[in-house]
Amino acid sequence: MPFTETALRDEYAAAVEQFSGRTLDAVRDGGGAAVPVGTTGPDVATDLDGPARRPLLAAARVLGANLLAPQLLVGAPPDEATAALLAEARRALPVPTAGTEAGALAIAWQDWAARCVLAATPHPDTGAAAPPPPAPPGPADLGWQVWSVRMAQLSVLALPGLDGAVHDAARAHTLDLARGTVRAMLRRDPTTAVRLARWLAWAQADGRPVRLEVEPVLDRIGFVGDGTARSGLELAVARALLTRAPWKGAQR
Amino acid sequence: MTDTQVLATAQQLGSRALAWLHTGQLGGFDRIEDNTIIDLADPNDVYKPLCEAALAASLILRDGVTGAHDARLARELLEASWAQLRCGDLLYERQLRHVTVIDPLETYAHFARVGYRHPAMDELLESLGRLRSVHAVEIPGNRQLALANARRIAGLSPAPDWPALAQATWLGALSEPWTIAWVIGYHVTHTVFHLTDWGARPECLPEPMHAYLRDWLPVWLDVWLETEQWDLAGELLIVDSCIGEPVTGRVGWDALAAVQQPDGLIPRDGATPLSYDDPEDTFREHEHTAVVGVVAATVALSRALGGAPVAA
Amino acid sequence: MLTQFQTETASASRSATLAEAGTLASLMVEDEAVVSDAPTYLPEAAGAVLLAGLLLASPKPPKEKPAR
């Protein structure tokens with residue numbers, strides 16, 4: 001990677017970390033707002049200007065629907081300022097282009113999730129009525145190993161109120177999710193493991209039989225996680241899904 | 001039903017591993033020195049691999065699913081091992097001296113099953129079996145099962161409390177599957193080997209353990225194939241056959257077949273087999289994996305053909 | 001996609017946007033760990049093996065790998 005791109009990645013990754021930390025705090029608070037102090041207020045767009053704003057928007061783009069997780073998990077209305085920032089990020093930064101078809105599909109579904117959570121706010125997307133992306137291939141096509149890794153990339157979809165083809169796949173293949181989780185744990189890849197454990201927590205909250213006890217996995221990841229706020233957020237969402245169950249998956 | 005391509009791969013893998021074992025052992029490796037005494041300063045050195053090769057050969061004869069050539073090699077391996085154990089005298093003397101040691105009984109059971117008997121050993125085992133001590137030795141759960149299965153094969157009474165023995169293992173606890181360690185992997189495989197008598201009695205595996213293995217065996221196999229732990233992966237394939245309908249498909253068989261050398265050697269781990277200046281050292285290094293390969297193939301074929309007859 | 005990155009005629013701002021899009025994509029779709037750190041033989045975990053005495057049909061601990 002050229003130096004400038006590396007630098008850009010470092011800068012954006014740092015912003016993702018910072019924003020993840022705020023969101024994590026909000027989840028722990030039980031529904032607070034994720035938007036950093038200084039960006040809230042009546043005119044979000046002008047509170048933080050210039051070069052400092054671009055990484056913030058990028059982080060919002062990356063975290064997507066996760067930004068509204070604090071409220072979604074407790075059934076509260078989405079935080080206004082956070083929603084405004086997410087909507088702005090989606091306007092300012094086009095859907096990122098991935099190098100592979102699978103990557104592009106993952107991003108399309110993440111973007112769908114962001115669109116869905118914004119639909120219930122004063123900042124709905126103009127394309128809110130657009131159809132969802134095509135259903136990703138299932139474990140029968142990919143094998144449970146590859147499929148579970150792809151589900152880990154879609155962990156942002158494991159939120160109350162979101163429901164679609166990816167959720168149907170999660171419901172139908174909880175054993176494959178569990179196998180993927182155990183595999184990631186044994187490979188000592190806690191980043192992948194926590195995202196899959198979040199899906200398991202979601203499936204359990206959805207009333208599906210889950211063949212792996214999720215709580216001990218989450219406890220373990222609490223000790224051996226990768227230490228990032230972004231993974232900490234995944235873990236907190238998973239815990240919240242479990243402890244606040246049973247919520248009912250939104251009707252489509 | 002196991003797919004026929006898997007069976008073809010298994011058959012070839014096992015047959016070649018058996019030929020490699022046979023060549024090594026009858027070529028002079030794994031010799032018990034004439035002056036060996038029953039205390040066996042280092043039982044792992046020659047005695048253990050000798051007994052393991054005999055185990056593999058005895059399963060071939062027990063299950064009777066190989067061709068005539070492989071059956072002959074198996075019989076020759078058993079004959080040679082039995083001769084080295086001085087027709088059972090060495091086992092008898094070791095058991096006589098060490099009342100609570102399990103390995104002489106464990107080894108003898110596999111010989112006895114296919115017709116090699118030592119009358120004095122039979123009497124001794126009956127006598128020892130009446131001691132509370134023998135049943136109260138403090139050993140890990142999977143070793144308790146080894147003792148119980150050896151007594152079952154040798155036809156010794158009384159029958160143990162199988163459910164309690166099964167329960168007292170890592171597998172019996174239905175442990176969190178992500179906590180498995182390399183050595184625990186071997187504890188799990190042996191728990192299954194002994195409970196099912198090396199695949200002859202899949203119904204003896206308690207149902208919760210059966211369901212648990214069907215869930216997690218594919219994960220463990222995947223993880224240890226990726227890290228090229230061929231020996232452990234091979235033992236997991238044996239387990240897959242021992243529990244009834246296999247769940248892991250062909251991936252493990254293909255991987256083992258791909259690393260097997262033209263002479264039949266299966267590396268215990270790594271992309272290429274570790275090799276030493278002394279060919280006997282190389283043989284010793286990979287001998288256990290050859291045993292695993294032979295047993296895996298034998299049990300897979302036997303189960304696919306409807307299960308082995310259990311020797312009386 | 002990739003060839004666009006290498007297009008000499010792309011304007012600076014266009015290149016910046018592409019770099020940014022690639023960066024965002026890599027942050028949004030992270031792959032699993034490339035190398036497995038799965039459990040393997042550990043001498044400190046082998047105490048049980050030694051204590052168990054003779055474990056029929058289970059492995060002896062791997063030897064030190066000799067220099068080839």
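Trainee: What share of the contacts in chain B with a separation of 6 or more comes from residues 24 or more positions apart?

Mentor: 74%. A contact here means two C-beta atoms, placed from the backbone, within 7 Å. Before we go on, this is a predicted model: local features need pLDDT of at least 70, side-chain atom pairs count only at pLDDT 80 or more, and totals for chains, interfaces and linings use all residues. Residues are numbered from 1 along each chain as its sequence is written, while chains are lettered from A and ligands numbered from 1 in the order in which they are written.

Trainee: How do you know which elements chain B has?

Mentor: Helices are DSSP runs of H or I with at least four residues, strands are E runs of at least two, and both are numbered from the N terminus. On that count chain B has 14 helices and zero strands.

Trainee: Why does the radius of gyration of chain B agree with a compact globule?

Mentor: The radius is taken over C-alpha atoms, and the globule rule is 2.2 Å times the number of residues to the power 0.38. For 312 residues that rule gives a value near 20 Å; chain B has 18 Å, so the two agree. The C-alpha trace of chain B spans about 45 × 45 × 35 Å along its principal axes.

Trainee: What makes a residue of chain B buried, and what percentage qualifies?

Mentor: Buried needs 20 or more other C-beta atoms within 10 Å of its own; exposed is 12 or fewer, and partly exposed lies in between. Buried residues are 52% of chain B.

Trainee: What makes the largest nonpolar core a core, and which residues touch the most other members?

Mentor: A core joins buried Ala, Val, Leu, Ile, Met, Phe, Trp, Tyr and Cys residues through C-beta atoms within 7 Å. This one has 180 residues, and those touching the most other members include Ala59(A), Leu200(A) and Val295(B). Helix H11 of chain B gives the most, 11 residues.

Trainee: What does Ala59(A) contact, leaving aside neighbours within four places in sequence?

Mentor: Tyr12(A), Ala15(A), Val16(A) and Phe19(A).

Trainee: Why is the crossing of H1(B) and H3(B) called left-handed?

Mentor: Left-handed means the near helix is turned anticlockwise from the far one by less than a right angle; clockwise is right-handed. The axes of H1(B) and H3(B) cross at roughly 35° and come within 10 Å. Those axes are lines fitted to C-alpha atoms over the stretch in contact, with angles from 0 to 180 degrees between N-to-C directions. The crossing is left-handed.
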